[in-house]
Amino acid sequence: MLSPSFAAPAYFPAVHEQAMVRLREVTGLEPVEYATTRADSSAEARASDINAAFADPDIRAILATVGGDDQITVVRHLDPALARADPKPFLGYSDNTNLLNWLWVNGVAGFYGGSTQVHLGPGPGVDAVHAASLRAALLSGGALELSEPGESEDTGRPWDDPTALTAYGEREATEPWTWHGPARSVTGRTWGGCLEVLEWILTADRFPFPPRVLDGGVLLVETSEELPSAQTVGRILRSIGERGLLSAVDAVVIARPPTSDLEHRPPTDERRRLRDAQRDVVTATVATYNPEAVVVVGIPFGHTRPQWIVPYGGTMTVDGERQRVVADYS
């Protein structure tokens with residue numbers, strides 16, 4: 001159990017403690033905390049704990065407590081030899097895109113999703129799709145067909161509110177996923193993550209390969225609670241297209257985006273408009289650079305809850321003919 005970015009358990013221990021109980025109940029695994037899990041720490045100290053977790057043969061998986069903002073400064077202090085020697089799964093999303101990409105660069109697959117502070121600790125329980133994919137990632141492996149839970153929340157209750165331990169945030173009914181591009185099936189290895197963090201990674205030159213390394217792959221894209229506009233999303237994705245990455249992949253999987261935060265929740269029709277605007281700019285941008293890509297929009301693997309945990313560097317099938325997505329957790 002690590003806090004590679006923000007040490008949320010230091011400020012909201014009740015949510016963290018409930019998450020530890022639920023992690024044992026859902027997986028049967030015993031969580032182990034490192035010094036920086038509950039303490040604001042330097043990039044060097046956080047990297048030291050990550051290195052220690054990879055070096056410890058008794059640790060069989062690493063789960064981030066939450067995302068954050070500055071994990072990009074941690075990466076330079078990591079030891080790739082330790083991760084390669086014992087390539088145990090790492091689970092996280094958002095700012096953890098930095099660490100997942102670093103592992104991927106070093107030949108180690110991970111899982112995009114999972115957070116004790118967001119998906120295990122809050123609310124009346126662990127969502128069924130999250131629990132199923134968590135167990136698949138940590139225990140059973142195998143393949144799961146991703147399904148639509150039918151409801152979604154952008155944020156839970158504030159973590160300092162006692163009701164955060166027993167109640168969900170404001171959930172609403174979801175709309176069906178939308179499919180674009182040719183009606184064909186693609187099976188490939190995944191790469192991507194939080195779009196804003198991908199922009200940082202590419203700016204910092206942390207993608208040291210030619211675009212062809214993604215040939216035949218599946219690009220994962222989701223956006224954060226900072227709620228970038230459709231215009232911003234389009235510009236970042238356009239730059240990724242100019243880099244040659246969109247034309248390399250055979251499929252693009254876009255998550256349902258959050259459209260509200262703790263301070264501001266637009267009316268229902270406005271939130272739908274914002275989601276539609278992001279969908280339209282993403283599908284148009286992908287079509288410009290790769291009209292043969294299979295694109296599906298709306299899968300909940302990002303910043304909304306319930307959340308599917310999905311392979312990162314592992315295999316995913318995006319079937320535009322049958323309109324199904326199957327993730328391989330082996």
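Begin by selecting threonine 36, which sits in the loop between helix H1 and helix H2 (43-55); helices (H or I, at least four residues) and strands (E, at least two) are DSSP runs, numbered from the N terminus. This is a predicted model, in which local features need pLDDT of at least 70 and side-chain atom pairs count only at pLDDT 80 or more, while totals for chains, interfaces and linings use all residues. Residues are numbered from 1 along each chain as its sequence is written, and side-chain values use heavy atoms, with hydrogens and water left out.

Is threonine 36 buried or exposed? With a relative accessible area of 4%, threonine 36 is buried, where buried means under 20% relative accessible area, exposed means over 50%, and partly exposed lies in between (1.4 Å probe, protein chains only). If you leave aside its neighbours within four places in sequence, threonine 36 is in contact with Ser3, Ala7, Ser41, Ala45, Arg46 and Asp49, contact meaning heavy atoms within 4.5 Å.

Next, select histidine 16, which lies in helix H1 (residues 13-27). Histidine 16 counts as buried because its relative accessibility is 0%. Again leaving aside neighbours within four places in sequence, its contacts are Met1, Pro9, Glu33, Thr37, Arg38, Thr65, Thr116 and Gln117.

Now colour the strands of the open sheet of four, whose order is E1-E2-E3-E12 and whose pairing is mixed; two strands pair if DSSP finds at least two bridges between them. Strand E1 (62-63) and strand E12 (310-312) stand at the edges with a single partner strand each, so one side of each has no neighbour in the sheet. Within this sheet, strand E2 (residues 90-92) and strand E3 (residues 110-112) run parallel and are joined by two bridges.

Then move to helix H4 (residues 97-105), which is mostly covered, as eight of its nine residues are buried. Which residues of H4 are buried? They are Thr97, Asn98, Leu99, Leu100, Asn101, Trp102, Leu103 and Trp104. After H4 comes glycine 107, which has a positive phi, near 80°.

**Proline 176**

For a contrast, select proline 176, in the loop between strand E6 (172-173) and strand E7 (178-180). Proline 176 is exposed, with a relative accessible area of 68%.

Go on to strand E9 (residues 218-222), where five of its five residues are buried. In a regular strand the side chains alternate between the two faces of the sheet. In E9 both faces are covered, with Val218, Leu220 and Glu222 buried on one side and Leu219 and Val221 buried on the other.

Which strands pair with E9 in the parallel sense? One is strand E8 (residues 185-194), which pairs with E9 over five bridges, and there glycine 193 has valine 221 of E9 as its bridge partner. Another is strand E10 (residues 251-255), which four bridges join to E9, and here leucine 219 stands opposite valine 252 in E10.

From E8, step across to strand E13 (residues 315-319), which runs antiparallel to E8 and is joined to E8 by five bridges. Select threonine 187 and you will find that its bridge partner in E13 is threonine 317. Threonine 317 also has a bridge partner in E14, namely valine 326, and four bridges join E13 to strand E14 (residues 324-328) in the antiparallel sense. The hairpin of E13 and E14 has four residues between the strands, and in this hairpin glutamine 323 takes a positive phi near 55°.

**The whole chain**

Finally, clear the selection and show the entire chain, which has 10 helices and 14 strands. Its radius of gyration, 18 Å, is close to the 20 Å that the globule rule gives for 330 residues, so the chain is as compact as a globular protein of that length; this radius is taken over C-alpha atoms, and the rule is 2.2 Å times the number of residues to the power 0.38. The C-alpha atoms fill a box of roughly 50 × 45 × 35 Å, taken along the principal axes. Of the 330 residues, 55% count as buried.
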